[in-house]
Amino acid sequence: MYRNLYSFLALFLLVGASAGAEEELPEHAIPVLRNWLYQNEDVVEVCVFREKWVAPTNDFPKGILLRYGTITRVHKGKLSVGDKVYLTSYIEFPAKEWKQEAKLRPDRVSLVDGELVVAMFSASDTKKTDGYWDVGDGVCRFSFDDYFYRAFQSELRRDRSLKGEAN
């Protein structure tokens with residue numbers, strides 16, 4: 001019985017792996033990725049472990065999501081494994097809805113189950129605050145389940161220095 005189960009599992013994994021390998025990338029993925037690589041000095045993998053949500057206010061009617069992480073791999077640049085970063089995202093709400101959103105989603109801090117992302121930025125354009133590199137919101141980033149990650153893996157095989165190309 002186990003032999004058939006293992007055979008079935010092996011076949012299932014083989015079919016799943018070949019289906020993912022044949023999946024095509026969107027036409028824009030490689031040119032956009034190469035442009036990001038060209039524009040940014042640092043390319044790192046980050047393990048996000050905490051998020052801080054700052055609700056919109058009268059003074060700033062956008063929500064702010066700060067995602068804190070630790071660099072787990074450096075592909076290019078001057079930062080080191082173990083350096084800490086935070087990634088910023090601004091969330092806009094329609095003018096009439098931001099007060100309701102602030103009530104529904106008050107300020108909070110939560111732990112994240114170690115989401116891995118690739119982040120591209122230039123450390124020379126950022127500052128270190130409270131031990132974290134503040135890479136801001138202009139960062140080019142994507143998670144490991146994104147098609148840009150597949151494009152990144154392809155580009156890494158093609159160009160180990162990750163110089164990229166201007167568009």
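**Exercise 1. Find which backbone nitrogen the side chain of Asp83 reaches, then describe the surroundings of Asp83.**

Step 1. The side chain of Asp83 reaches the backbone nitrogen of Ser80, at 2.9 Å. For a polar contact, a pair of N or O atoms must lie within 3.5 Å; within protein, one must be able to donate a hydrogen and the other to accept it, and residues adjacent in sequence count only if both atoms are side-chain atoms.

A note on the source: this is a predicted model, in which local features need pLDDT of at least 70 and side-chain atom pairs count only at pLDDT 80 or more, while totals for chains, interfaces and linings use all residues. Residues are numbered from 1 along each chain as its sequence is written, and side-chain values use heavy atoms, with hydrogens and water left out.

Step 2. Asp83 lies in the loop between strand 2 (62-76) and strand 3 (84-92). Strands (E, at least two residues) and helices (H or I, at least four) are DSSP runs, numbered from the N terminus.

Step 3. Check burial and charge. Asp83 is buried but has no salt bridge. Buried means under 20% relative accessible area (1.4 Å probe, protein chains only). A salt bridge needs a side-chain nitrogen of Lys or Arg within 4 Å of a carboxyl oxygen of Asp or Glu. The nearest side chain of opposite charge is Lys128, 4.8 Å away.

Step 4. List the contacts (heavy atoms within 4.5 Å). Setting aside neighbours within four places in sequence, Asp83 touches Gly69, Thr70, Ile71 and Trp133.

**Exercise 2. Give the strand order of the open sheet, and trace its pairings.**

Step 1. The order is 5-6-3-2-1-4-7, with mixed pairing across seven strands. Two strands pair if DSSP finds at least two bridges between them.

Step 2. Look at the edges. Strand 5 (127-129) and strand 7 each have a single partner strand, so one side of each lacks a neighbour in the sheet. From one strand to the next, the twist averages 40 degrees.

Step 3. Follow the pairs. Strand 5 and strand 6 (residues 132-134) are antiparallel, over three bridges. Here Thr129 stands opposite Tyr132. Strand 1 (residues 42-54) and strand 4 (residues 108-121) are antiparallel over 11 bridges. Asp42 has Phe121 as its bridge partner. Strand 4 also pairs with strand 7 (residues 140-143), antiparallel over four bridges. Val118 is bridged to Phe142.

**Exercise 3. Identify the buried residues of helix 2 and what covers them.**

Step 1. In helix 2 (residues 29-39), the buried residues are Ala29, Leu33, Arg34, Asn35, Trp36 and Leu37.

Step 2. Their cover includes strand 1, strand 2, strand 4, strand 7 and helix 4 (147-158).

Methods
Buried < 20%, exposed > 50% of the residue type's maximum accessible area, 1.4 Å probe, protein only. Lys, Arg positive; Asp, Glu negative; His and termini not counted. Axes fitted to C-alpha atoms, helices over the stretch in contact; angles between N-to-C directions.
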